[in-house]
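Q: I would like to learn how to read the packing and the strand arrangement of a protein model, one feature at a time. Could you take me through them with the example below?

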Amino acid sequence: FLGKLLSEPYVHFLLAGLLIYFWHTIASDDRESRTPAKEVILPISQKEKLSRSFEREWGRPPRPEELELLLDEAFLEEMLIDEALALNIERRDAKIRERLLEKMRFILANEQSLAEPDEAELKNYYRAHREDYRDPRMVHFFHIYASLDREAALARMIELLDANDTPPAQASRYGETFGLGNEIGPMDIETLTKLFGNYFSGRIIRLRTGVWQGPIRSREGVHAVYLIAKEGGDYFSFEEVEDRVYQDMIQARRREATMRALNKIRRSFRKRIE
């Protein structure tokens with residue numbers, strides 16, 4: 001029976017087809033293995049970094065076969081990252097997106113904001129922002145209020161307000177309703193303390209003007225604050241507030257650098273909702 005079956009023409013045709021298929025598959029796989037579609041390149045500094053890391057852990061340089069293993073792993077990591085990006089995993093995974101956004105904001109702000117200011121720059125900043133360094137009798141500010149259990153949500157809102165340079169007059173559109181309204185003052189510090197508590201008033205008088213800051217806790221809840229002005233009272237000398245001036249200048253540089261970078265990015269994209 002088998003001999004008769006093998007003598008049939010249609011069986012010859014079927015076997016020939018199968019042979020052609022398997023040959024094509026094997027040849028295709030072989031070509032793909034010989035000519036990869038993508039190239040992964042590791043900088044020589046990565047090789048040196050892997051060697052140093054191994055030496056710290058083992059107290060000796062890696063042997064050639066050990067270094068080969070480390071390099072294989074580094075190449076594999078690059079390949080996996082490349083494949084992950086091709087699959088757009090970073091766009092679908094909330095944790096990865098959050099980490100990428102955090103890292104990107106840090107990169108955008110870091111180049112200029114962390115340049116170490118010298119004393120002359122600090123004194124120039126102090127003179128330009130002298131109103132921030134006084135012991136005021138009165139303050140004038142806008143705020144957005146939230147109950148204490150929404151502190152994390154308010155912190156996120158402050159990031160949004162600052163990133164979009166939201167004017168303080170729009171504060172009433174956000175947050176929860178507050179009995180005294182969103183604009184407070186000018187109000188004397190004693191009255192402020194009675195209404196909001198010692199902690200809140202103590203923080204307010206140390207804020208910079210002209211930016212959204214917080215959240216700041218009060219006896220009522222938490223607040224995002226945009227300080228308009230400090231009035232009356234004595235100015236602190238540069239020597240008394242030098243540390244504050246340094247921190248404020250670094251924060252101001254970070255914000256300015258970030259805003260410039262974000263605006264440049266915004267101008268390079270078109271926005272569309274589909």
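Q: Which residues have the most contacts inside the largest nonpolar core?
A: A nonpolar core is a set of buried Ala, Val, Leu, Ile, Met, Phe, Trp, Tyr and Cys residues joined through side-chain atoms within 4.5 Å, where buried means under 20% relative accessible area, exposed over 50% and partly exposed in between, with a 1.4 Å probe and protein chains only. The largest such core here has 15 residues, and those with the most contacts inside it are Val139, Phe141, Leu192, Phe200, Ile204 and Val225. Two or more residues each come from S2, S3, H9, helix H10 (198-204) and S5, these elements being DSSP runs numbered from the N terminus, with helices (H or I) of at least four residues and strands (E) of at least two. A second, separate core of 11 residues includes Ile144, Ala171, Trp212 and Ala224.

Q: Before going further, how should I treat the numbering and the values?
A: The model is predicted, so local features need pLDDT of at least 70 and side-chain atom pairs count only at pLDDT 80 or more, whereas totals for chains, interfaces and linings use all residues. Residues are numbered from 1 along each chain as its sequence is written, and side-chain values use heavy atoms, with hydrogens and water left out.

Q: What does Val225 touch, not counting residues up to four places away in sequence?
A: Contact means heavy atoms within 4.5 Å. By that criterion Val225 touches Phe141, Phe142, His143, Phe200, Ile204, Leu207, Val211, Trp212, Gln213 and Ile216. For the protein, residues 24 or more positions apart account for 72% of the contacts with a separation of 6 or more.

Q: In what order do the strands of the open sheet stand?
A: Two strands pair if DSSP finds at least two bridges between them. Here 4 strands form an open sheet in the order S3-S2-S5-S4, with antiparallel pairing. Strand S3 (183-188) and strand S4 (212-217) stand at the edges with a single partner strand each, so one side of each is left without a neighbour in the sheet. Neighbouring strands are turned by 35° against each other on average, direction ignored; axes are lines fitted to C-alpha atoms, for helices over the stretch in contact, and angles run from 0 to 180 degrees between N-to-C directions.

Q: Over how many bridges do S2 and S5 pair?
A: Strand S2 (residues 138-146) and strand S5 (residues 222-231) pair in the antiparallel sense over 9 bridges, with Phe141 opposite Leu227 and His140 opposite Ala229. S2 also pairs with S3, in the antiparallel sense over 4 bridges, and there Phe141 stands opposite Ile184. S2 is mostly covered, since 8 of its 9 residues are buried. Helix H9 (residues 189-196) lies across S2, S3 and S5, running at about 125° to S3.

Q: How many aromatic pairs does the structure hold, and how is such a pair described?
A: A pair of aromatic rings is described by the distance of the centres and the angle of the planes. Rings of Phe, Tyr and Trp (its six-membered ring) pair if their centres lie within 6.5 Å; planes under 30 degrees apart count as stacked, over 60 as edge-to-face and the rest as tilted. The structure holds 9 aromatic pairs. Tyr126 and Tyr133 form a tilted one, 5.8 Å centre to centre with 35° between the planes. The rings of Phe141 and Phe196 have centres 6.4 Å apart and planes at 65°, so the pair is edge-to-face. This pair links distant parts of the chain, with Phe141 in strand S2 and Phe196 in helix H9, 55 residues apart. Phe141 is buried at 0% relative accessibility, and Phe196 is buried at 1%. Ring pairs link Phe141, Tyr145, Phe178, Phe196 and Phe200 into a cluster.

Q: Which peptide bonds are cis?
A: Most peptide bonds are trans. In this model a cis peptide bond joins Gly185 and Pro186, with omega about 5°, and Pro186 lies in strand S3. The bond from Gly214 to Pro215 is also cis, with omega near 0°, and Pro215 is found in strand S4.
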